[in-house]
Amino acid sequence: MTIVGKILGSNILSRAITSFFFNSPEQKILNQKIHGIHFKNPIGLSAGFDKNAELTVIIPEVGFGFEEVGSITGEPCEGNAKPRLWRLKKSQALVVYYGLKNDGAEKISTRLAQKRFKIPIGINIAKTNCQACADTDTGIADYVKSYRKFLHIGDYFTINISCPNAFGGEPFHDGEKLNKLLAAMKKYPTKKPVFIKISPDLSETQVDEILKISKKHHVSGFICTNLTKKRENLKILDKQVPENGGISGKAVENSANKMIATIYKKTKGKYTIIGCGGVFSAEDAYKKIRLGASLIELITGMIFQGPQLISEINLGLAELLKKDGYKNINEAIGVDTG
Ligand SMILES: Cc1cc2nc3c(=O)[nH]c(=O)nc-3n(C[C@H](O)[C@H](O)[C@H](O)COP(=O)(O)O)c2cc1C
């Protein structure tokens, strides 16, 4: 997939052909300015598809309004041993066990340093998947290494604290550790918005703790959510589910939606929420927006249905908003959560 994308992005003709087949006319009703960044539409490519930031030229031609690259880690990482990706056909979900395979902050920042982007680019950073980084201070130093490399590249940061497949688990869901991580980043101030990407499997107490800590730091919002680790899920219809890995798509949709509503309600809409998990249609995206998301990200829907899905969602979303009497998408954010 990455090779095809790289080839299509490599010259003006193949980019124009891609745009002709997949892109759709801009819908003004979907335009938003968020933290000073212009989003022509709210549909973004989620982290994990363009791990090494090699597709930033072709992704806008498919119709996406923004793209998140990564996760990028302090050191290059081979990821977990194969197999590490399974398709749960009946459940419209993927089981993902990549374990943060990527080229590392040094190489990827060099790749992006001189580039100009057509759409906003999010830099998603995580700690390197290795035994050493399971230690809190080493893990923090690893995050900070990537963060510093990208201080002047891209439009926003995502701190991924919820990779379900890395050595040592997800320690930065813990309030004290998250506080230490955000304090370490504070030494290198940025004007860019910073999002925290969280797991759908958190308890309410954990969410409260993360919100409490986030208040003290430069946190602009949350990505709700990453993959779920839970197997006891009514939406999983396939009999065989591999033991390892996090699950995407329809299996995570309900928990992700619950998380959007919870955070929107608890914070009275003060944070920007990027809704992610199981978006396969305009209706799915609209639901997340009405629950409190300002922006949407996806991967699995596109893998199951193809790249034309992005334009279908944008056109469908514009229609749904008009039908409900809205003049701009921002009027619909959170209306179902109150
Ligand atoms: C193949 C694959 C790789 C992923 N890798 C990452 C990653 O490196 N970093 C990250 O923050 N999320 C990663 N994710 C999670 C997605 O960004 C997203 O949060 C999740 O898949 C739910 O969205 P979806 O149902 O639209 O796929 C990955 C997902 C998939 C399917």
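**Proline 193**

I looked up the contacts of proline 193, leaving out neighbours within four places in sequence, and found His35, Tyr156, Ser220 and Gly221. Contact here means C-beta atoms, placed from the backbone, within 7 Å. The model is predicted: local features need pLDDT of at least 70, side-chain atom pairs count only at pLDDT 80 or more, and totals for chains, interfaces and linings use all residues. Residue numbers start from 1 along each chain as its sequence is written.

Proline 193 sits in the loop between α5 and β9 (194–198). I take helices (H or I, at least four residues) and strands (E, at least two) as DSSP runs, numbered from the N terminus. Proline 193 counts as buried because it has 20 C-beta neighbours inside 10 Å. The cut-offs, with C-beta atoms placed from the backbone, are 20 or more others within 10 Å for buried, 12 or fewer for exposed, and partly exposed in between. I also checked proline 193 against lysine 250: they are 57 residues apart along the chain, and their C-alpha atoms are separated by 29 Å.

**Helix α5**

Next I took α5, residues 175–186. This helix has 12 residues and reaches 16 Å from its first C-alpha to its last, close to the 16 Å expected at 1.5 Å a residue. The expected span is 1.5 Å times one less than the number of residues.

Which residues of α5 are buried? I listed Leu178, Leu181, Leu182 and Met185. They lie on the same side of α5 because they cover an arc of only 90 degrees around the axis. The arc is that of the directions from the helix axis to the C-beta atoms. An α-helix has 3.6 residues a turn, so residues three or four places apart point the same way. The buried residues of α5 pack against α4 (136–149) and α6 (204–215). Exposed Glu176 and Lys186 are on the face turned away from the buried side of α5.

**Core**

I then went to the largest nonpolar core, which has 95 residues. Such a core is a set of buried Ala, Val, Leu, Ile, Met, Phe, Trp, Tyr and Cys residues joined through C-beta atoms within 7 Å. Helix α7 (residues 250–266) gives the largest share of this core, eight residues. Phe222, Cys224, Ile260, Ile273 and Ala285 have the most contacts inside it. Not counting residues up to four places away in sequence, phenylalanine 222 touches Phe195, Ile196, Ile198, Ile263, Tyr271 and Ile273.

I noted a cis peptide bond from cysteine 224 to threonine 225, with omega near 15 degrees. Threonine 225 is in the loop between β10 (221–224) and β11 (246–247). The bond from glycine 70 to serine 71 is also cis, with omega near 10 degrees. Serine 71 belongs to strand β4.

Alanine 53 is not a glycine, yet its phi is positive, near 55 degrees. I placed alanine 53 in the loop between β3 (43–45) and β4. Alanine 53 counts as buried because it has 24 C-beta neighbours inside 10 Å. Leucine 100 has a positive phi too, of about 60 degrees. Its loop runs between β6 and α3 (105–112).

**Ligand**

Last, I checked the ligand. It is surrounded by 28 residues, and the closest are Ser46, Gly48, Ser71, Ser248 and Thr300. Near means a C-beta atom, placed from the backbone, within 6 Å. β4 (66–72), β6 (93–96) and α9 (300–305) each supply at least two residues of this shell.

Methods: Contact = placed C-beta atoms within 7 Å.
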